[in-house]
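Please keep the sequence and the structure in view while reading.

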Amino acid sequence: MAMIFNIFTKSPFGSIQEMMNKVIKCAGVVDPMIDAFISEDTDKVKKDAELCSKLEYEADKIKDEIRLNMPRSILMPVAREDILHILSAQDSIADVAEDIGILVSIKKIRLPDEIKEKLREFKNKAVDVVKKSGLVVEKLEILRESSFGGPAVEEITKLLDDVNIQEHHTDKLQFALTKSILDYEDKFNKAEFILMLKIVENIGGLANAAEKMCNRIRLILAR
Amino acid sequence: MISGDLLILGAASIVGFYMAYNIGANDVANAMGTSVGSHSLSFRQAIIIAAIFEFSGAILAGNHVASTIGKGIINPIIFSSNPNDYIYGMLSSLLAAGIWLNFATKLGWPVSTTHSIVGAVVGFGIIARGVHSIHWNVIIHIVASWIISPVFGGIISYIIFSFILKKILRSVEPVLATKSYMPIISFYLAFLLSMSIVYKGLKNLHLNLSIYNSLAISLTLGLVAFVLSRIYLSKVKVDKTAKPWRRLPAVERIFRYFQIVTASYMAFAHGANDVANAVGPLVGMITVIQSHNISSTAPVSWWILAFGGSGIVIGLATLGYKVIITVGRKLTDLTPSRGFSAEIGAATTILIASKLGLPISTTHVLVGSIIGVGMARGLGAIRLSVMKDIVYAWFLTLPAAMILSAIIYYLIGFIR
């Protein structure tokens, strides 16, 4: 009888998109947060860090719900493992953003102008990589219409290549910034020095996580 | 004697009508839900189309299956010494199937009307005249068809959707590809549809066409469909500036029109196969009452089929619309190209089964067809666990309907 239409269940692609929107929002907070950190606005840093943590929690909840709705008996056009990997990569983007929030709210640090400049450029690039990877996720729905084949694949491959290139740029900026921090070693005390390196490492981690997600999407296309 | 017969016939008609009403209320969503879900049809259009095609399917092509249920499972001839046993037995079967369906639906089990009525008829046959009264070879065919039909529907849908995917949805020029391939699919559709109606069908119109005449008519209609769809498609504008994947919504808009055809096809097939679940026993009973010397060759009267068809339409108009709306809302994932493929697979299978006089579950065939589209990577997510539920309900329905029908027959034996 009619309840047989229970055979249809929520498509994971809409949910992945929903999750990505939350993740981009979360990673987007890193942008004003680092700006506040640079200008030593402690209150603003704290507020942004809290917002980041709240968005991360919301993203987590979406992730749990998707996982709950994906038992092994569900037939999808892509492998279940791929979907789960994309989800955990998205999750780690939000996790890293939250960690950055925690690190920058530990201590106020006075930065030399050169480092300020480089840090600003670096975090802009890293957040940009996350946003670009969001474009790829948006295209998944279009890809679904042609069941993961056809000319749309080429378009997405271009976007994926772009993410890889941008991530590579981020790596270069990270290298330069780390070098500058070492050059200005005597401007920081030991704790500040370690903290700075950790912050830089995590901002780089943001771009890395986004790239990891994109590589998983590339695997779907290769099948 | 005659008045007693009429009383029983009246009672059986009420139960039969109730069954038809339930089929209309619940199962018509199978035929129309996908089209409403993909916005190919408005709700009002869906109701009108369903009413017309369910009814015509029932009276034009419903005779084979009705006669299988009424006369094929148990041969009425073995009751010639005591025709009343047969009449009461068929009444018990209808009652048992009706009660079982009501019970199972309340509990939300995906049981099939077809399986219930077949089980019930077998149950009364065994209790009334023993295991040997059942035509087991017919039963084997029927049960085999229950397994084969969903698989068959799934394979057709898989092939059709894979074809659409490869040739149209993944094409660099999807709209142009639609224009060149859809007329071929239209030809296939019209040919198959008219062949299944015209060849050995339409007995009720007393047109006995030979296979050559049927082929000629079907080929002609196929060509007409080919030309008409070409004319229609030539009017569709192609936006050459948009990127190929941006043109897919335009392709789906074209498929909407074609899905109206497959939905009608589906409603026709559904009417043809499922009207028998309600009127099959009536067919057997009326044959017996009319002649009072049981003959198993009397044809199925068109007015019995029309009676069942009316029950389906009334059920559809009074309750079915709610189910269609609920189902339609759930099917957001099913775009017209997907719904089209699933409906072709299901309707083709159901019509072939009707032609062979096999009572199959249209619901299960549709499930098979939807899974076929899913296997071709056409759908976002499908719960395969539904299949498990169906198999459980399947193993439950046959014994339950058999036992229930046997008990009712036994009880009626006390009363009369």
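This is a predicted model: local features need pLDDT of at least 70, side-chain atom pairs count only at pLDDT 80 or more; totals for chains, interfaces and linings use all residues.

On the side of chain A, 29 residues are in contact with 34 residues of chain B. Sorted by class, the side of chain A that touches chain B holds 17 nonpolar, eight polar and four charged residues.

Chain A itself may now be considered as a whole. Its secondary structure comes to seven helices and one strand, arranged along the sequence in the pattern α-α-α-β-α-α-α-α. Taken along the principal axes, the C-alpha atoms of chain A fill a box of roughly 75 × 35 × 20 Å. Of the 223 residues in chain A, 46% are buried. Among the contacts in chain A with a separation of 6 or more, 86% are accounted for by residues 24 or more positions apart.

Two helix pairs of chain A deserve attention. Two packed helices are described by the angle between their axes and the distance between the axes. For helix α1 (residues 12-28) and helix α3 (residues 42-68) of chain A, the angle is about 170° and the axes are 8 Å apart. Angles over 145 degrees count as roughly antiparallel, and α1(A) and α3(A) are therefore roughly antiparallel to each other. From α1(A), the residues in this contact are A:P12, A:S15, A:E18, A:M19, A:K22, A:V23, A:K25 and A:C26. They meet A:C52, A:L55, A:E56, A:E58, A:A59, A:I62, A:K63 and A:I66 in α3(A). By class, the residues of the contact of α1(A) with α3(A) divide into nine nonpolar, one polar and six charged.

The second pair consists of α6(A) and helix α7 (residues 190-222) of chain A, which pack at an angle of about 165° with their axes 10 Å apart. This angle makes α6(A) roughly antiparallel to α7(A). The crossing of α6(A) and α7(A) is left-handed. The residues of their contact divide into 14 nonpolar, six polar and four charged.

Most residues other than glycine have a negative phi. A:E40, however, has a positive phi of about 60° although it is not a glycine. A:E40 is found in the loop between α2 (30-38) and α3 of chain A. Is A:E40 buried or exposed? A residue is exposed if 12 or fewer other C-beta atoms lie within 10 Å of its own; with 12 C-beta neighbours inside 10 Å, A:E40 counts as exposed. A:F148 also has a positive phi, near 60°, and is a residue other than glycine. A:F148 lies in the loop between α5 and α6 of chain A. With 19 C-beta neighbours inside 10 Å, A:F148 counts as partly exposed, since a residue is buried if that number is 20 or more.

Elsewhere in chain B, B:F307 is found in helix α10 (residues 302-330). B:F307 is buried, with 20 other C-beta atoms within 10 Å. From C-alpha to C-alpha, B:F307 and B:N26 are 18 Å apart in space, and they are 281 residues apart in sequence.

B:T220 is partly exposed, with 13 other C-beta atoms within 10 Å. The C-alpha atoms of B:T220 and B:L351 are separated by 20 Å, and the two residues are 131 residues apart along the chain.

Note on methods:
Residues are numbered from 1 along each chain as its sequence is written. Chains are lettered from A and ligands numbered from 1 in the order in which they are written. Axes are lines fitted to C-alpha atoms, for helices over the stretch in contact, and angles run from 0 to 180 degrees between N-to-C directions. Helices (H or I, at least four residues) and strands (E, at least two) are DSSP runs, numbered from the N terminus. Angles under 35 degrees count as roughly parallel, over 145 as roughly antiparallel, 65 to 115 as roughly perpendicular and the rest as oblique. Two residues are in contact if their C-beta atoms, placed from the backbone, lie within 7 Å. Ala, Val, Leu, Ile, Met, Phe, Trp, Tyr, Cys and Pro count as nonpolar, Asp, Glu, Lys and Arg as charged, and the others, Gly among them, as polar. A crossing is left-handed if the near helix is turned anticlockwise from the far one by less than a right angle, and right-handed if clockwise.
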